[in-house]
Protein chains: 2
Amino acid sequence: MISIKEVAEITGISASTLRYYESEGLLPYVKRDEGGKRLYDKEDIEWVHFITALRATGMPIVQIREYVRLFQEGNGTISERKRMMLNHKKEIENKIKELYRNMDKINYKLALYDILEAQMNHSSIKI
Amino acid sequence: MISIKEVAEITGISASTLRYYESEGLLPYVKRDEGGKRLYDKEDIEWVHFITALRATGMPIVQIREYVRLFQEGNGTISERKRMMLNHKKEIENKIKELYRNMDKINYKLALYDILEAQMNHSSIKI
DNA sequence: TCGGCCATTAAAGTTAACTTTAACTCAGTT
DNA sequence: AACTGAGTTAAAGTTAACTTTAATGGCCGA
């Protein structure tokens, strides 16, 4: 059972963001000590890591909250949760494809710069 | 020379966003007709497409503005512009790598769901 | 000349995801 | 007893990138 500060250090998510995530229903059941301070166990940390992966891939907080809600409902929601993850995986794949497509345009620009520079060298013009 | 509405239709960027981009210095030298209405030529449309690629890959508007500023300065800034594009390309590559890394975590979750579902089928529990 | 459509600007509003602040408490140290 | 450091909450603030609104005007066909 570790403090919020330690979780922040381990996960790279700031203490205030951890509190914010909790207030948004992304981290239910975080325990407290006698003084009311948050205590995180190993499972909580794993969960923070997973949430971070969902966030880093663009899943909005409302959707993560919905996922957590389904999780709390129990095994009856497994197929729905699986469907959510499959959908999200497709979105990530699309995002990657779009990044590649747009990177092509930047590569094209870079190729033009190579030609421009070559021309300038050829005509002895210094940039 | 086409209207803002047509450019919006062609590029998928709304007219208000096109005006916003212009006000932010991303689209300099857009001409006007006698009535003060914007007129876009082929080059402008290409530029909108390129800006869109930069935006879609996460380049912030301030940085695009800086790129445009260098472009307007002329050929003396070619190496700097090329450097910017190379940097941005690296950022996109990193972004893609991070997406793959995080997708792995989602794939792991999906594998767990497969196991869970298999177990439930085996024990004749219906979800 | 009227309605409809398209345009203009400046300014205000929106949205998501945090972050910061203010006021307070509590535990341990000197 | 005072200080330090970490925690708490609720509320306000921030940021980027747009979007919407309000007030205005030109043009064109019926």
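## Exercises on a predicted two-chain model

At 1% relative accessibility, B:Tyr67 counts as buried.

**Exercise 1.** Determine which class the aromatic pair of B:Trp47 and B:Tyr67 belongs to, and where in chain B its two members lie.

*Solution.* Begin with the geometry: the ring centres of B:Trp47 and B:Tyr67 are 6.2 Å apart, and the angle between their planes is 10°. Because planes under 30 degrees apart count as stacked, the pair of B:Trp47 and B:Tyr67 is a stacked one. Next, place the residues: B:Trp47 belongs to helix α3 of chain B and B:Tyr67 to helix α4 (residues 61-73) of chain B, so the pair ties together parts that are 20 residues apart in sequence. Finally, consider accessibility: B:Trp47 has a relative accessibility of 16% and therefore counts as buried, since the cut-off for that class is under 20%.

**Exercise 2.** Classify the pair that B:Trp47 forms with B:Phe50, and state how the two residues are placed along their helix.

*Solution.* The ring centres of B:Trp47 and B:Phe50 lie 5.7 Å apart with the planes at 45°, so this pair is tilted. For chain A, ring pairs link A:Trp47, A:Phe50, A:Tyr67 and A:Phe71 into a cluster, and over all chains the count comes to 10 aromatic pairs.

**Exercise 3.** Describe the contact between chain A and chain B by its area, its residues and its polar links.

*Solution.* Start with the extent: 38 residues from chain A and 38 residues from chain B take part in the contact, and the area buried between the chains is about 3,500 Å², with carbon and sulfur atoms giving 75% of this area. Of the area that chain A buries against chain B, A:Leu99, A:Ile106 and A:Tyr113 supply 19%, more than any other three residues. Turning to the polar links, there are 8 residue pairs in polar contact between the chains and 4 salt bridges across the interface, one of which joins B:Asp114 to A:Lys82 with the closest N and O atoms 2.7 Å apart. On the side of chain A that touches chain B, α3 (42-56) and α5 (78-122) of chain A each supply at least two residues, and the largest share, 27 residues, comes from α5(A). Sorted by class, this side of chain A has 20 nonpolar, 8 polar and 10 charged residues.

Definitions and conventions. Residues are numbered from 1 along each chain as its sequence is written. Chains are lettered from A and ligands numbered from 1 in the order in which they are written. This is a predicted model: local features need pLDDT of at least 70, side-chain atom pairs count only at pLDDT 80 or more; totals for chains, interfaces and linings use all residues. Side-chain values use heavy atoms; hydrogens and water are left out. Contact means heavy atoms within 4.5 Å. Buried area is the accessible area (1.4 Å probe) that two parts lose on being put together, summed over both. A salt bridge is a side-chain nitrogen of Lys or Arg within 4 Å of a carboxyl oxygen of Asp or Glu. A polar contact is a pair of N or O atoms within 3.5 Å; within protein, one must be able to donate a hydrogen and the other to accept it, and residues adjacent in sequence count only if both atoms are side-chain atoms. Helices (H or I, at least four residues) and strands (E, at least two) are DSSP runs, numbered from the N terminus. Ala, Val, Leu, Ile, Met, Phe, Trp, Tyr, Cys and Pro count as nonpolar, Asp, Glu, Lys and Arg as charged, and the others, Gly among them, as polar. Rings of Phe, Tyr and Trp (its six-membered ring) pair if their centres lie within 6.5 Å; planes under 30 degrees apart count as stacked, over 60 as edge-to-face and the rest as tilted. Buried means under 20% relative accessible area, exposed over 50%, partly exposed in between (1.4 Å probe, protein chains only).
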